[in-house]
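Look at the charged side chains in this structure. Which of them pair up, and where do they sit?

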Amino acid sequence: MSRTGNARAAAEDSLEDYAFRYVPRTFRRWSAASVGATALGSIAFLADFSIGATVGIDHGTANAMLGILFASVIIVIVGVPVAYYAARYNLDLDLIARGSGFGYYGSIITTVVFAGFTCIFFALEGAIMAQGLQVATGTPLWLGYLVSTVVVIPIVIYGMRALERLHFWTTPLWLALALLPLLWIIVSDPESVRAFMSFNGNSDGSISFGAVVSSAAVCFALTPQLAEQIDYIRAMPPRTPSNARSWWTSFALSGPGWVIFSGTKQTIGVFLAVYVLVKVDPTLGHSATEPVKQFVGMYQTLFPDWLAVVLALVLIVVAQVKINVTNAYSGSLAWSNVFTRVAKHYPGRTIFVLLNLAIAYALMMLDVFTLISFVLSLYANVVMAWLVTIATDIAINKWVLRISPRFPEFRRGMVHDWNPVGLVSVGLASVLSLLAFAGLLGTAVKPFSVLIAIGVAFVTTPVVALATRGRYYLRRRSDGIDSPLFDEHGNPSGERLRCHVTGYMFERPDMLASAQRGLHGQVQYVSSLALTLDDSDRYVLPPEVTGPPHWATDRGRGERDGGAGRHRDRDSRERGGFAA
């Protein structure tokens, strides 16, 4: 297939779900409340309960609770700027990363890290479902792993539309099964609450900063869930005065606010582990971290054994399907994004759904669930280095230092291929934190490896940006199109332009002027999709000569041209670099 034909095929693919480009207004037809509810539906995962139980048994209730709280606060701080850019500019995390310190190809590194997260957590959730099937029906684990893998395929290949319907119909059932019995136990059995509060686990009962940080380190590995939330909230409608309240509420709860629900579930996980150890079976030991054992034990104190097993299985299957369709969906977007940019070919997102599932199944067969604490603690070091770097670039480099372009530019030809800001920050923070995690910086430092990742990334990101004077963010300041990038409310423009390569209409934020002029010398437009799939630079405008920011020279024209000029003025100001 020719490159032009390949671009047309990608544009026509109804399953593509904008895997590597801006999400246009024509696709974003849901209300803010609907998008928010769909995004929150994906956090029904049961790994939270297991993570909370693991840190609770290892460090006791007090240390676990403080660790969960500490991790939750940091995740919210990191999540606010990143999620806002996704919801406001309708971009996924890879597109945001391109213009926030990594460059067009540099962001591939962060996308691979995220794709790995979706595989790991798919494996953890799939293992939980397999455990449930084994307890309820005697199904062998290997077969349970296979069932939990293939069951999501019919849903996930249809993308956002199918996921919205799934979460709408299943979330009330999940909430009822998970919370109503728990609330009854808390109200009717105060002794269980006292046992939970005084539980010491494998610790001596004292509060230790090292134990708190070690608990938080496991929880930090959940931070990439933010990227999965972003894969939903990038479909938020334009924010206008009429929907502002609903928009901000949905953004806050389903964007950075997801961790409030996650932290609550982790706390419940500690409670359930203590409950089954004290009230059901004191010999369970570390098996009390398995959600299957937790919910079966809880239900058995309220219902006959057969009903307890049935209810637990229904809860586990519903929760597993809800989260793993999201894991498979987000993972397929990530792998598709990486492959398309590297190979300049788009084979369809379904291929990457299957790839993601194959990797997850292999991890299940390797019994990754039994190593959950170690795997997540290790992974958290790289995860926090990556996400803190992006959040710092947005919050500090864009808004405080104004050295990074305010608008998260993502189009090929507009950004450099590689940006040392993000690459140096992630590389240095990851290496130092992993050395600490391995004990090579001393045993006293080992428990604090994830704090090293956070601190180094936070400091290095602005330092490298200042040292390079922001030269590696933008390859061009102007995309060559003389129309505003934003509408009167500051939303990405809905104006549609024709791509001369594919022949299809794309919205203004997806378009650039082409280096190829028309038959009569007129300006032609090219979509970011066509540029992604083209293996040459024939459509890419040449780099601009370094000079004063484009917005500075346009200010007078903006004032003369009225509203449209003012929007052009704002557009170019937000694309400005260090000198701005």
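Predicted model: local features only at pLDDT ≥ 70, side-chain atom pairs only at ≥ 80, totals over all residues.

Residues are numbered from 1 along each chain as its sequence is written, and side-chain values use heavy atoms, leaving out hydrogens and water.

Side chains of opposite charge can pair when their charged atoms come close. A salt bridge here is a side-chain nitrogen of Lys or Arg within 4 Å of a carboxyl oxygen of Asp or Glu. The whole structure holds 14 salt bridges.

Start with lysine 279 and aspartate 189. Their closest N and O atoms are 3.4 Å apart. This pair links distant parts of the chain, 90 residues apart. Lysine 279 lies in helix α13 (residues 258–280), and aspartate 189 in the loop between α8 (159–188) and α9 (190–197). Helices (H or I, at least four residues) and strands (E, at least two) are DSSP runs, numbered from the N terminus. Lysine 279 is partly exposed, at 37% relative accessible area. Aspartate 189 is buried, at 17%. Buried means under 20%, exposed over 50%, and partly exposed in between (1.4 Å probe, protein chains only).

Next comes lysine 398, in a salt bridge with aspartate 393 (3.9 Å, N to O). Lysine 398 is buried at 1% relative accessibility, and aspartate 393 is buried at 0%.

Last, aspartate 479 meets arginine 508 at 2.9 Å, N to O. The two sit 29 residues apart, aspartate 479 in the loop between α19 (449–467) and β1 (496–498), arginine 508 in the loop between β2 (505–507) and β3 (511–513). Aspartate 479 is buried at 1%, and arginine 508 at 0%. Shared partners join Glu409, Arg411, Asp479 and Arg508 into one salt-bridge network.
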